[in-house]
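Student: I would like to learn how to read ring pairs, pockets and helices in a model. Where do we begin?

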Amino acid sequence: FVGKGMVVDWAFHLPDKKKDAAPNPHVHVLAPIRPLTPSGEWGPKQRRAYRTDGDGNRVFDGNGNPLFDAVPTTDWGSPGTLLEWRKNWAKTVNDALAEKGIAARVDHRSYAERGIDKIPQIHEGPASRQMEAKGIVTDNGERNRWIAQTNKAITGLLRELKSLQEWFDSAQAELESLMEQWEQAAQALEDRNPQS
């Protein structure tokens, strides 16, 4: 990030682990998409690209204002750049985990991109978490509980479907075997009693 001219703020968190909760060490990275100028001042996030007609003259709206498009001054806010950063982050983390002999891996892709049949939960935020910890039901908490229940139901249904598919495949193989045995028995019977 810094090599691209960005200012980056890192906040490392290692919250106290609640009883029976998984540890949650994490880092927040704040990387504003507004560039710094050589003089150290904040530069613009975007610039105006004025629309022109076929002769290169500016085009105006009904009120006489020139029409323009906002064009980013950097690619830092583009989805493609974010995806590339996420991919690089996952590789860096996975290399470090492998170096330490830890089997766990991270993946920057969504559940859908990985072929995982789960609904992703939403970020609740600290306010919702604090309210939920006090027993106050929040919309975000309710939604995540619904998502968790739905994911559990989906997992159960997929397990049942897999079991039914395995039973079907086994029954089909057994039926094919019986049909083959029946055809062999019928052929043997015909060979013993040929009709003329």
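Tutor: We begin with rings. Rings of Phe, Tyr and Trp pair if their centres lie within 6.5 Å, and planes over 60 degrees apart count as edge-to-face. Keep in mind that this is a predicted model.

Student: How many aromatic pairs does the structure hold?

Tutor: There are three aromatic pairs. In one of them, phenylalanine 1 and tryptophan 85 have ring centres 4.8 Å apart and planes at 85°, so this pair is edge-to-face. Phenylalanine 1 belongs to the segment before β1 and tryptophan 85 to helix α1, so parts 84 residues apart in sequence are tied together. Phenylalanine 1 is partly exposed, at a relative accessible area of 36%, while Trp85 is among the buried residues of α1.

Student: What is the geometry of the pair formed by tyrosine 50 and phenylalanine 68?

Tutor: That pair is edge-to-face, with 5.9 Å from centre to centre and 65° between the planes. Tyrosine 50 is in strand β3 and phenylalanine 68 in strand β4, so the pair links parts 18 residues apart in sequence. Tyrosine 50 is partly exposed at 30% relative accessibility, and phenylalanine 68 is partly exposed at 33%.

Student: Which residues lie over the faces of tyrosine 50 and phenylalanine 68?

Tutor: Arginine 58 lies over the face of tyrosine 50, 3.7 Å from the ring centre. Over the face of phenylalanine 68 lies arginine 48, at 4.1 Å from the ring centre.

Student: Which residues lie nearest the centre of the second largest pocket?

Tutor: They are Pro15, Lys18, Asn24, His26 and Arg129, out of 19 lining residues. The volume of this second largest pocket is about 870 Å³. The largest share of its lining, six residues, comes from α3.

Student: Which residues of α1 are buried, and what span should the helix have?

Tutor: An α-helix has 3.6 residues a turn, so residues three or four places apart point the same way. The buried residues of α1 are Thr81, Trp85, Ala90, Asn94 and Leu97. At 1.5 Å a residue, the 21 residues of α1 should span 30 Å, which agrees with the 30 Å between its end C-alpha atoms. After α1 comes glycine 101, with a positive phi near 75°.

Note on methods
Residues numbered from 1 in each chain as written. Predicted model: local features only at pLDDT ≥ 70, side-chain atom pairs only at ≥ 80, totals over all residues. Heavy atoms only, no water. 1 Å grid on protein atoms, 1.4 Å probe; cavity = no way out; pocket = protein on both sides within 12 Å on 5 of 7 lines; lining within 4 Å. Points joined across faces, edges and corners; volume = space filled by probe spheres on them. Helix = DSSP H or I, 4+ residues; strand = E, 2+ residues; numbered from the N terminus. Expected span 1.5 Å × (residues − 1). Buried < 20%, exposed > 50% of the residue type's maximum accessible area, 1.4 Å probe, protein only. Phe/Tyr/Trp six-rings, centres within 6.5 Å; stacked < 30°, edge-to-face > 60°. Lys NZ or Arg CZ within 6 Å of the ring centre and 35° of its normal.
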